[in-house]
Amino acid sequence: MRLVVMGVAGSGKTAVGQAVAARTGWPFLDGDDFHTPEARARMAVGEGLRDADRWPWLVRLCGQLESRADVVLACSALKWTYRDALRGEGVRFVFLNVPEALLRLRLEHRAGHYAHANLLPSQLATLQVPGPDELDVLTLSVTFADSPEELAGRALERLAVAHA
């Protein structure tokens, strides 16, 4: 299985993805590591990326997914067209649906990352929430009380994935 943990900045993609990887023994890839320095600089000042910026990044991520059998990828996958590009054999998505207040709180207290609270409006404007027709997407509603480990366990249970 190729698992894409998705959501807007501050949703917990990396933390949940790492927790899933730890439970399954699968490698973890962070989509942020595949952005260009220019894209990171733009996001650091709160400028959202355009489709033209995202497509080369998505191509790099597709290559990573296609070259591995079992892997966890943290990737925003904000639009259905982005998810469609990432879709392939064995690809499933876990959408972390987080209330805006919690996202803002997390981003305001985030240190050492280029995505800050000033990026949130463009992320929310770009997000196309997965609909019921996207059968390969599992939506997890996230609360203030949920830990990454709890969310990882919930995702793996609902996806019927054996833990390592």
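**View 1. Leu-96 and the residues around it.** Leaving aside residues up to four places away in sequence, Leu-96 touches Val-5, Met-6, Gly-7, Ser-11, Gly-12, Lys-13, Val-16, Leu-140 and Val-142. Touching, or contact, means heavy atoms within 4.5 Å. Everything here comes from a predicted model, where local features need pLDDT of at least 70, side-chain atom pairs count only at pLDDT 80 or more, and totals for chains, interfaces and linings use all residues. Residues are numbered from 1 along each chain as its sequence is written, and side-chain values use heavy atoms, with hydrogens and water left out.

**View 2. The largest nonpolar core.** Here we meet Leu-96 again: together with Cys-75, Leu-86 and Val-94, Leu-96 touches the most other members of this 45-residue core. Such a core is a set of buried Ala, Val, Leu, Ile, Met, Phe, Trp, Tyr and Cys residues joined through side-chain atoms within 4.5 Å. Buried means under 20% relative accessible area, exposed over 50%, and partly exposed in between (1.4 Å probe, protein chains only).

**View 3. Ala-69 in its loop.** Look for Ala-69 between α3 (51-66) and β3 (71-74); helices (H or I, at least four residues) and strands (E, at least two) are DSSP runs, numbered from the N terminus. Is Ala-69 buried or exposed? With a relative accessible area of 55%, Ala-69 is exposed. Beyond residues up to four places away in sequence, Ala-69 touches Met-1 and Arg-2.
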